[in-house]
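Open the model in your viewer and keep the selection panel at hand. The tour goes stop by stop.

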Amino acid sequence: MIRSYFEEVQALKDNRWVWMLIVVTALAGLLPLVFGLYWQIGNGQPWGDEPMSDNGLIGMTVFMVITVIFVSGLLLASKLEVRIDTEGIHYKFFPNKFRWSSISKAEIESYEIRKRPNIFQYGGVGFRRNWFTKTKAMTVSGNKHLVLLL
């Protein structure tokens, strides 16, 4: 029987900075187009020096709304799941890793638990690979981080 020592799920939707990023990006991308729609279709005056057709402006606005919804949904659905048991460490990070990946106990040379790593060392939140140092980092939230030397 495999005994689980530690299990954790970290989701980006729990991070307030992600919500702020989504709102600011959505507003910056959509407000000019909504204003252009109002100006060109509502007032009947061309918007800009070389105005787009009404259908083109509507199509661009719909495309941007769909893009913002898709990217926001992807960010809000992202989550890191970690399980440590007698066999090793198991993790998956949706949407980058759909299946569970494992690191066996035999592969771990040493480990260290650090508090608040330098943001420049790992580059912030998400799943990243550094091909030069041959490292991987998966960070979502929290102030304690497990660093493994394999």
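How many residues does the hairpin that joins β3 to β4 pass through? Six residues link β3 to β4 in this hairpin. Keep in mind that the model is predicted.

**Stop 1**

Select P95. This proline is in the loop between β3 (88-94) and β4 (101-104). Now show the backbone from F94 to P95. The peptide bond there is cis, with omega near 10°. Most peptide bonds are trans.

**Stop 1: the whole sheet**

Next, select the strands. Four of them form an open sheet, in the order β1-β2-β3-β4. The pairing is antiparallel. Which strands stand at the edges? β1 and β4 do, each with a single partner strand, so one side of each has no neighbour in the sheet. From one strand to the next, the twist averages 15°.

**Stop 2: β2 against β3**

Select residues 79-85, which make up strand β2. β2 and β3 pair in the antiparallel sense over six bridges. A hairpin of two residues joins β2 to β3. R83 stands opposite H90 in β3. I84 stands opposite I89 in β3.

**Stop 3: β3 against β4**

Stay on I89. On the β4 side, I89 stands opposite I103. β3 and β4 pair in the antiparallel sense over four bridges. Is β3 mostly covered or mostly uncovered? β3 is mostly covered, with five of its seven residues buried.

**Stop 4: an edge strand**

Go to Q10, in strand β1 (residues 4-11). Is Q10 buried or exposed? Its relative accessibility is 13%, so Q10 counts as buried, the cut-off for buried being under 20%. Show side chains now. The side chain of Q10 makes a polar contact with the side chain of E8, at 3.3 Å.

**Stop 5: helix α1**

Select 16-42, the range of α1. Where does α1 kink? The kink lies at L30, shortly before the proline P32, and amounts to about 30°. L30 also belongs to the buried set of this helix. Colour that set: V18, I22, A26, L30, L33, G36 and Q40.

**Stop 6**

Finish at G44. This glycine follows α1 and has a positive phi, near 80°. Most residues other than glycine have a negative phi. Is G44 buried or exposed? At 57% relative accessibility, G44 counts as exposed, because exposed means over 50%. Now draw a distance from G44 to D54, using the C-alpha atoms. The two are 10 residues apart along the chain, and 9.9 Å separates their C-alpha atoms.

Conventions:
Residues are numbered from 1 along each chain as its sequence is written. This is a predicted model: local features need pLDDT of at least 70, side-chain atom pairs count only at pLDDT 80 or more; totals for chains, interfaces and linings use all residues. Side-chain values use heavy atoms; hydrogens and water are left out. Buried means under 20% relative accessible area, exposed over 50%, partly exposed in between (1.4 Å probe, protein chains only). A polar contact is a pair of N or O atoms within 3.5 Å; within protein, one must be able to donate a hydrogen and the other to accept it, and residues adjacent in sequence count only if both atoms are side-chain atoms. The bend at a residue is the angle between axes fitted to the seven residues ending there and the seven starting there. Two strands pair if DSSP finds at least two bridges between them. Axes are lines fitted to C-alpha atoms, for helices over the stretch in contact, and angles run from 0 to 180 degrees between N-to-C directions.
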